[in-house]
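This report describes the secondary structure elements of one protein chain and their arrangement. Please consult the sequence and coordinates shown below.

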Amino acid sequence: TGGTIASSALELMIDIMKNRYPANEWNIYAAQASDGDNWADDSPNCRKLLEHDILPNIRYFSYIEITQRTHQTLWHEYQKVVEANPRMAIQHIKTKEDIYPVFRKLFAKSVSEKAA
């Protein structure tokens, strides 16, 4: 039927980090860009993977949603993570004019400059 299951990419990331890039030897920075489509019942699983397996082992994770429509369940689940974890940020890109300002916010030197 089609559709996206984003947790499979996060699970692959976890596997790659464990096998190739141990957290005690690497400073890991990650970014995920998406149109926001994800199976609604998979989005809570994505949040759990981020909270329990990814964020404790990386320096920074950014999520960029590129869409002109309203946010889907993945955005809402990731918002919960951002509220509790300063090493994660989310931004929304609606038009090509948003690209540079969004990336500038996400990768600003100061954590206080990041906006969700």
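The expected span of a helix is 1.5 Å times one less than its number of residues. In this predicted model, helix α1 covers residues 7-20, 14 residues in total, so a span of 20 Å should follow at 1.5 Å a residue. The end C-alpha atoms of α1 are 20 Å apart, in agreement with that expectation.

Helix α1 has a buried side made up of Ser7, Leu10, Met13, Ile14 and Met17. Viewed down the axis of α1, these buried residues fall within an arc of 115°, and they therefore line one face of the helix. An α-helix has 3.6 residues a turn, so residues three or four places apart point the same way. On the face of α1 turned away from the buried side are the exposed residues Ala9, Asn19 and Arg20. The cover over the buried residues of α1 includes β1, α2, β2 and α3.

The strands form an open sheet of three, in the order β1-β2-β3 and with parallel pairing. At its edges are β1 and β3, each of which pairs on one side only. From one strand to the next, the twist averages 15°.

| Strand | Residues |
|---|---|
| β1 | 29-34 |
| β2 | 60-66 |
| β3 | 88-93 |

Strands β1 and β2 run parallel and are joined by six bridges. Ala33 has Ile64 of β2 as its bridge partner. Helix α4, residues 99-106, lies across β2 and β3 and runs at about 175° to β3.

Technical notes: Residues numbered from 1 in each chain as written. Predicted model: local features only at pLDDT ≥ 70, side-chain atom pairs only at ≥ 80, totals over all residues. Heavy atoms only, no water. Pairing = 2+ DSSP bridges. Helix = DSSP H or I, 4+ residues; strand = E, 2+ residues; numbered from the N terminus. Axes fitted to C-alpha atoms, helices over the stretch in contact; angles between N-to-C directions. Contact = heavy atoms within 4.5 Å. Buried < 20%, exposed > 50% of the residue type's maximum accessible area, 1.4 Å probe, protein only. Arc of directions from axis to C-beta.
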